[in-house]
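Thanks for coming. Please have a look at the sequence and the structure on the screen, and then I will go through a few parts.

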Amino acid sequence: MLACASIVLLGVLYLLFYPVGIDAAAWTPPPAPKLEGVYAVNQALAGVARLGAEVIVGSEDVAVGPDGRLYAGAKDGTIYRLPVEGGTPERFASTGGRPLGLKFDQRGHLIVADCFRGLLDIAPDGTVSVLSTEAGGKPFRFTDDLDIAADGTIYFTDASWKFGQPEYRLDFLEHRPNGRLLAYEPATKTTRVVLDNLYFANGVAISPDQQFLVVAETAKYRLLRYWLAGERRGQVEPLIENLPGFPDGVSTGQNGVFWVALFARRNPVLDRLLPQPFWRKMVVRLPRTFQPKPDHYGFVLGINDRGEVIRNLQDPAPTAFAPVTNVVEHAGQLYLGSLEDKGIGVFPLEQPK
């Protein structure tokens, strides 16, 4: 009996006082919007086909090359390419890390945000070069997504300077502004901090007119607009807030739409824990099985430059292509990336009625 009581006491002391790696801060999120109206549940993404699923696993992002082929980065660091209509993927290069965001620059080089190695350049012959690994005296811990402006400036995110990709859940449980938006200038080979104090900085997309960019602040369920030009240059404002899920990759599509991949729906357990730092520390001490986890749900939104939802594509099925982590529009198709699923998702884009 005494032994059992001692074990229980040790367990309680562990849950209450064992040191953890987070400095949790309180935040009360707005009530999650219901999946109705512009967010109404549907099965639009149920028809997603998969390309290269026999080879490619965990392609966070997709890029269309100047050669018209698809490029995708896999979990093991390999960059594959294949025809847009499908076919056997072939190895193009390897980053030696974990490629996330992908984008071709004006020279035909593939620029990669690699969460382990930083911002990379891959030449057409597959040669990999490191462009940047730190800014403002802080090394990157989680290089995430990017877009490239018409003047060649590469805007990219370091999702968290504190937690790396394998520990991404800890950043959400800590809920402090550890993320940054950065800019790499190819002419000077320098990197500057554009915005800091972001709550898990994620997807980046530049508007077609180059006036502003959109950056996903995943842990606050919102997209921010940062003005690049004009009277409001340097100012930042919310584009859309209180999204029904975790915004991940963002890309610029046709007809003024920004495609937003939602990694998962909002987690009600996490939302209840966010105002309670003490309880979140206890959760970190629990085995990972008992910690809040994202659900398996296919979810993509199209948002215009006024922050209005104009497309709502979902798939709630257990077989859904999910989590969707990036969306690229090309020639009437949406190509979907996923951090965990197999292959590249392909969705024929019909115009809204």
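Let me begin with a definition: helices (H or I, at least four residues) and strands (E, at least two) are DSSP runs, numbered from the N terminus. Two strands pair if DSSP finds at least two bridges between them. What you see is a predicted model, in which local features need pLDDT of at least 70 and side-chain atom pairs count only at pLDDT 80 or more, while totals for chains, interfaces and linings use all residues. Residues are numbered from 1 along each chain as its sequence is written, and side-chain values use heavy atoms, with hydrogens and water left out.

Confidence comes next. pLDDT is the predictor's confidence in each residue, from 0 to 100. The protein has a mean pLDDT of 94, and 93% of its residues reach 70 or more. Over residues 8-18, though, pLDDT stays under 50, and the model has ten contacts there beyond four places in sequence; contact means heavy atoms within 4.5 Å. Where pLDDT is low, the predicted coordinates should not be read in detail.

Now a hairpin. Strand S12 (residues 143-148) and strand S13 (residues 154-158) pair in the antiparallel sense over four bridges. Asp 147 has Tyr 155 in S13 as its bridge partner. Five residues sit between the two strands of this hairpin, and Gly 152 takes a positive phi near 95°. Is S12 covered or uncovered? It is mostly covered, with six of its six residues buried, where buried means under 20% relative accessible area, exposed over 50%, and partly exposed in between (1.4 Å probe, protein chains only).

Next, a sheet. Strands of a sheet pair through backbone hydrogen bonds, either parallel or antiparallel. Here, four strands form an open sheet in the order S6-S7-S8-S9, with antiparallel pairing. Strand S6 (99-104) and strand S9 (128-132) are at the edges with a single partner strand each, so one side of each has no neighbour in the sheet. From one strand to the next the twist averages 30°, using axes that are lines fitted to C-alpha atoms (for helices over the stretch in contact) and angles that run from 0 to 180 degrees between N-to-C directions. Strand S8 (residues 118-122) is joined to S9 by four bridges, and Leu 120 stands opposite Val 130 in S9.

On to the rings. Rings of Phe, Tyr and Trp (its six-membered ring) pair if their centres lie within 6.5 Å; planes under 30 degrees apart count as stacked, over 60 as edge-to-face and the rest as tilted. How many aromatic pairs does a search of the whole structure find? There are 14. Trp 27 and Tyr 221 make a tilted pair, 6.0 Å centre to centre with 50° between the planes. Trp 27 lies in the loop between helix H1 (2-17) and strand S1 (49-51), and Tyr 221 in the loop between strand S17 (212-217) and strand S18 (222-227), so the pair ties together parts that are 194 residues apart in sequence. Both Trp 27 and Tyr 221 are buried. Tyr 71 and Phe 92 make an edge-to-face pair, at 5.2 Å and 85°. Tyr 71 is in strand S3 (residues 69-73) and Phe 92 in strand S5 (residues 90-94). Tyr 71 counts as buried at 3% relative accessibility, and Phe 92 at 10%.

Last, charges over rings. A charge sits over a ring if NZ of Lys or CZ of Arg is within 6 Å of the ring centre and within 35 degrees of the ring normal. Lys 138 lies over the face of Trp 161, 4.3 Å from the ring centre. Arg 225 lies over the face of Phe 212, at 4.7 Å.
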